[in-house]
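Here is a short briefing to read alongside the model.

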Amino acid sequence: MGEVPMAAAVACAGAAVWLTGGPYSGARRAQLLLAGGGVVAAGPPTWQDMALELRRLRRRWRPEWWAPVAGLVTALLAASVLPVVAGAAGVPLLRRVRRAAEARRAGERRGDAVIALCAALAGEVRAGRQPGEALQWAARDSGGLGEARAAVLAAARFGGDVPKALTAAARQPGAGGLLGLAACWRVAVDQGAGLAAGLDRLEGALRAERDQRADLRAQLAGPRATAVMLAGLPVLGLLLGAALGADPLRVLLHTGAGLGCLLLGGVLEAAGTWWALRIVRNAEGGEAA
């Protein structure tokens with residue numbers, strides 16, 4: 001166990017060197033001196049400088065990289081390589097969870113942009129603009145069209161098939177409301193119906209659907225939090241065992257019975273967490289449908 005204090009001392013020394021030399025390292029001072037032609041102070045960084053560096057590090061640091069860090073710390077405490085392997089294996093899983101959350105948030109932002117686009121387009125049409133010109137003006141500051149923005153605007157400007165371009169843009173996650181916009185456009189052009197009135201009804205329907213999803217997500221926050229809390233109970237048990245002096249890490253990682261219990265418990269824990277979150281997702285998807 002003498003390796004643990006040594007590793008902790010090395011980690012602390014590395015952190016101290018990084019913090020004291022991060023924004024005011026020799027290379028950084030040389031860059032500032034050559035760029036500005038002035039004199040750069042070589043004093044220690046202030047608390048504001050360290051806070052700025054920590055914010056920059058937090059933006060660059062992905063959440064999934066905490067898994068190998070936690071595995072390394074646990075491996076040093078338990079004198080076993082298994083936590084390092086488990087931490088490395090958790091990186092792709094956590095990356096997938098993070099990307100799914102980012103995709104969901106991007107879809108929600110695109111859905112809000114589609115609602116804003118419908119409202120802006122209705123206002124432009126009421127102001128007396130032709131539908132093609134109104135779409136160009138309404139889509140200038142809106143991200144509802146996403147990557148298909150150029151195709152939709154080109155169709156609106158040069159008399160192309162705008163409903164077809166909107167239908168293609170609706171394939172993006174969160175942009176399903178563009179299908180309704182395409183239908184309103186087709187009805188207004190083919191049958192001479194009022195485009196602004198149809199857009200108002202479409203905007204109201206999209207807002208109601210968004211509010212329904214938000215309400216459902218709020219109702220499911222409790223079961224989701226319960227599932228996450230139950231998933232963290234084994235960690236709490238390990239901490240309680242260590243506080244009582246039972247040394248659970250040594251039993252789990254250095255004995256045959258402990259390794260068997262760890263494997264079986266890990267499988268059951270993963271299956272239980274997956275099943276609970278699957279129930280929550282199905283409830284959310286079923287209600288949204």
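The accessible surface of the chain is about 18,300 Å², and 65% of it belongs to carbon and sulfur atoms; such areas come from the Shrake-Rupley method with a 1.4 Å probe, and for residues only the protein chains shown count as cover. This is a predicted model, in which local features need pLDDT of at least 70 and side-chain atom pairs count only at pLDDT 80 or more, while totals for chains, interfaces and linings use all residues. Residues are numbered from 1 along each chain as its sequence is written, and side-chain values use heavy atoms, with hydrogens and water left out.

**Overall fold**
- The chain has 13 helices and zero strands, where helices (H or I, at least four residues) and strands (E, at least two) are DSSP runs numbered from the N terminus.
- Of the chain's 289 residues, 25% count as buried; buried means under 20% relative accessible area, exposed over 50%, and partly exposed in between (1.4 Å probe, protein chains only).
- Taking contacts (heavy atoms within 4.5 Å) between residues at least 6 apart in sequence, 55% join residues at least 24 apart.

**Around V91 in helix α5**
- V91 sits in helix α5, which covers residues 82-126, and is buried at 8% relative accessible area.
- R62 lies 29 residues from V91 along the chain, and their C-alpha atoms are 9.9 Å apart.

**A nonpolar surface patch**
- L72, L76, V81, L82, V84, V85, L259 and L262 make up a nonpolar patch on the surface, with about 630 Å² of accessible area together.
- Patches consist of residues with over 30% relative accessible area and no salt bridge, joining like charges within 9 Å and nonpolar side chains (Val, Leu, Ile, Met, Phe, Trp, Tyr) within 5 Å; a salt bridge is a side-chain nitrogen of Lys or Arg within 4 Å of a carboxyl oxygen of Asp or Glu.
- Helices α4 (66-78), α5 and α13 (256-288) each supply at least two of the patch residues, and α5 gives the most, with three.
- V84, which is in helix α5, is partly exposed at 34% relative accessible area.

**Cysteines**
- The whole structure holds zero disulfides, a disulfide being a pair of cysteine sulfur atoms within 2.5 Å.
- For C184, the nearest cysteine sulfur is that of C118, 7.5 Å away, and C184 is in no disulfide.
- C184 is buried at 16% relative accessibility, whereas C261 is exposed at 52%.
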